[in-house]
Amino acid sequence: MLSLPAELTHNQAKDCLAQLVAGANAEPSPVVVNAAPLTRFDSSALAVLLELRRTCQRLGKTLVVQGMPTHLGDLATLYGIEALLPRP
């Protein structure tokens, strides 16, 4: 299982995505990402998850987001992308 950091804003997004993509290559499908550690984030967290989803699709895998913080889920709903980030 992959895990998001406690803080994921624009400043951390590029490095976080690189780590997640590397991890996704080694994970079986579905690739599960634990979002529960997130305590400080902005919409960049959604961008990272969406890019990770695209990576998973290219690898023939699916992505599941576990432990999504309520506010992040609210942002996903606001942007109309909640269905793209399935939860268990």
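Analyst: Two strands pair if DSSP finds at least two bridges between them. Strands are DSSP E runs of at least two residues, and helices are H or I runs of at least four, numbered from the N terminus. This is a predicted model: local features need pLDDT of at least 70, side-chain atom pairs pLDDT 80 or more, while totals for chains, interfaces and linings use all residues. Residues are numbered from 1 along each chain, and side-chain values use heavy atoms, without hydrogens and water.

User: How do you know that β1 and β3 pair?

Analyst: β1 and β3 (residues 31–34) share 2 bridges, in the parallel sense. That meets the cut-off of at least two. Leu-2 has Val-33 of β3 as its bridge partner.

User: What makes β1 and β5 edge strands?

Analyst: The open sheet runs β1-β3-β5. β1 (2–3) and β5 (63–66) each pair on one side only.

User: Why are α1 and α2 called roughly parallel?

Analyst: α1 (residues 10–26) and α2 (residues 44–58) pack at about 25°, axes 9 Å apart. Angles between N-to-C directions run from 0 to 180 degrees, along axes fitted to C-alpha atoms, for helices over the stretch in contact. Under 35 counts as roughly parallel, over 145 as roughly antiparallel, 65 to 115 as roughly perpendicular, the rest as oblique. So α1 is roughly parallel to α2.

User: What angle do α2 and α3 make, and what is it called?

Analyst: The axes of α2 and α3 (residues 70–78) cross at roughly 75°, coming within 10 Å. They are therefore roughly perpendicular.

User: Which residues make that contact?

Analyst: Ala-45, Leu-46 and Leu-49 of α2 meet Leu-72, Leu-75 and Ala-76 of α3, with heavy atoms within 4.5 Å.
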